[in-house]
Amino acid sequence: MPGLTRTVLILGGTGEARALARALHDDGTWRVVSSLAGRVSSPALPVGEVRIGGFGGPAALAAWLTTHEVAAVVDATHPFAARISTSAAQAAPAAGVPLLMLRRPGWTAGPGDVWQRVPDMRAAAAAVAVGAGPVLLTTGRGGLDVFAELPHRFVIRTVDPPEPPLPGDHVVLLARGPYTYAGEEALLREHAVRTLVTKDSGGRMTVAKLEAARDLGIAVVMVDRPPPPPGVEIVADPDDVLTWLTALR
Ligand code: NAP
């Protein structure tokens, strides 16, 4: 097909990355390759070409960019996927390939929200230790060992089964967003949740739990995002990615 001469690599695993792949695919100007880590058992797949699995670190990613003649990289990974973002921030300049990071904004507390911001999962566990249970954990399947020694009752919601060690008193709910307000309110009521632990992922797909928690007076422990790698240009709007890519042509 004429015009499909340049390749853009989208580092994905998010709804934004899938939407971007769709938009670029429909635009038809770029050859689009999306990359997934391969962490979840049946990932939502973007349209177009997809490769799955880690690259093997920054040097291997740089080599991959060169070998596959990638002309631009868009890091549209999850805000908490810090290792791949750091890897891209090292690999892209090494390979001489422009890099743009697409990051949705984080959430902001409003009137009625009872949030405690913490810097990491260990601090989240310390906050939970002195807080009330039952506790709803929505921080993903990994890193839950920090809660393992706590006596509270935990409701652990993940896409794939969580990695042990886990708290002694827990129930696992396997589910995948997006979630509705009605569903989240029902869940919080059913389990009599008193504390919700979440990462500051941002976006609409998983915000309903925060709205329901606010209305039910449930305390929220909000794990802050890791900082983005220094020196990388960041946009929040997918349209800005299209503008950036157009300017590269
Ligand atoms: P991470 O800690 O930043 O990455 C760990 C390793 O996985 C990376 O070093 C890289 O391996 C590989 N990797 C990660 N994302 C990749 C991608 N898109 N394509 C190819 N390799 C990738 O990431 P994570 O937190 O485990 O998240 C994994 C994936 O799930 C990400 O793509 C992210 O967008 C998505 N996700 C994460 C979260 C979250 O809360 N962390 C939530 C929703 C979705 P090599 O070093 O070998 O290249």
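I worked on a predicted model, where local features need pLDDT of at least 70, side-chain atom pairs count only at pLDDT 80 or more, and totals for chains, interfaces and linings use all residues. Residues are numbered from 1 along each chain as its sequence is written, and side-chain values use heavy atoms, with hydrogens and water left out.

**Entry 1: helix α2.** I took helices (H or I, at least four residues) and strands (E, at least two) as DSSP runs, numbered from the N terminus. Buried means under 20% relative accessible area, exposed over 50%, and partly exposed in between (1.4 Å probe, protein chains only). Which residues of α2 are buried? In this helix, residues 58–67, I found Leu-61, Ala-62, Trp-64 and Leu-65. They lie on the same side of α2, because they cover an arc of only 160 degrees around the axis. That arc is taken from the directions from the helix axis to the C-beta atoms. An α-helix has 3.6 residues a turn, so residues three or four places apart point the same way. On the other side of α2 I noted Ala-59, Thr-66 and Thr-67 as exposed.

Next I looked up the cover, with contact meaning heavy atoms within 4.5 Å. The buried residues of α2 are covered by elements including β1 (6–11), β2 (30–36), β3 (49–52), β4 (70–75) and α3 (82–95). Just after α2, I saw that Glu-69 has a positive phi of about 50 degrees.

**Entry 2: the sheet.** I counted two strands as paired if DSSP finds at least two bridges between them. Six strands form an open sheet with parallel pairing, in the order β6-β11-β10-β7-β8-β9. β6 (115–118) and β9 (170–174) are the edge strands, each pairing on one side only. From one strand to the next, the twist averages 20 degrees. Axes here are lines fitted to C-alpha atoms, for helices over the stretch in contact; angles run from 0 to 180 degrees between N-to-C directions.

β6 pairs with β11 (219–223) in the parallel sense over four bridges. Arg-117 has Met-222 in β11 as its bridge partner. Helix α6 (208–216) lies across β6, β8 (154–158), β10 (195–199) and β11. It runs at about 155 degrees to β10.

**Entry 3: salt bridges.** My rule was a side-chain nitrogen of Lys or Arg within 4 Å of a carboxyl oxygen of Asp or Glu. How many salt bridges does this rule give? The count is 12. Arg-104 and Glu-16 form one, with the closest N and O atoms 2.7 Å apart. That pair links distant parts of the chain, 88 residues apart: Arg-104 is in the loop between β5 (99–102) and β6, Glu-16 in helix α1 (residues 15–27). Arg-104 is buried at 17% relative accessible area, while Glu-16 is partly exposed at 22%. I also found Arg-117, Asp-200 and Asp-224 linked in a salt-bridge network.

**Entry 4: Thr-77.** Is Thr-77 buried or exposed? It is buried, with a relative accessible area of 7%. Thr-77 sits in the loop between β4 and α3. For polar contacts I used a pair of N or O atoms within 3.5 Å; within protein, one must be able to donate a hydrogen and the other to accept it, and residues adjacent in sequence count only if both atoms are side-chain atoms. The Thr-77 side chain makes such contacts with the side chains of Asp-75 at 2.6 Å and Ser-85 at 3.3 Å.
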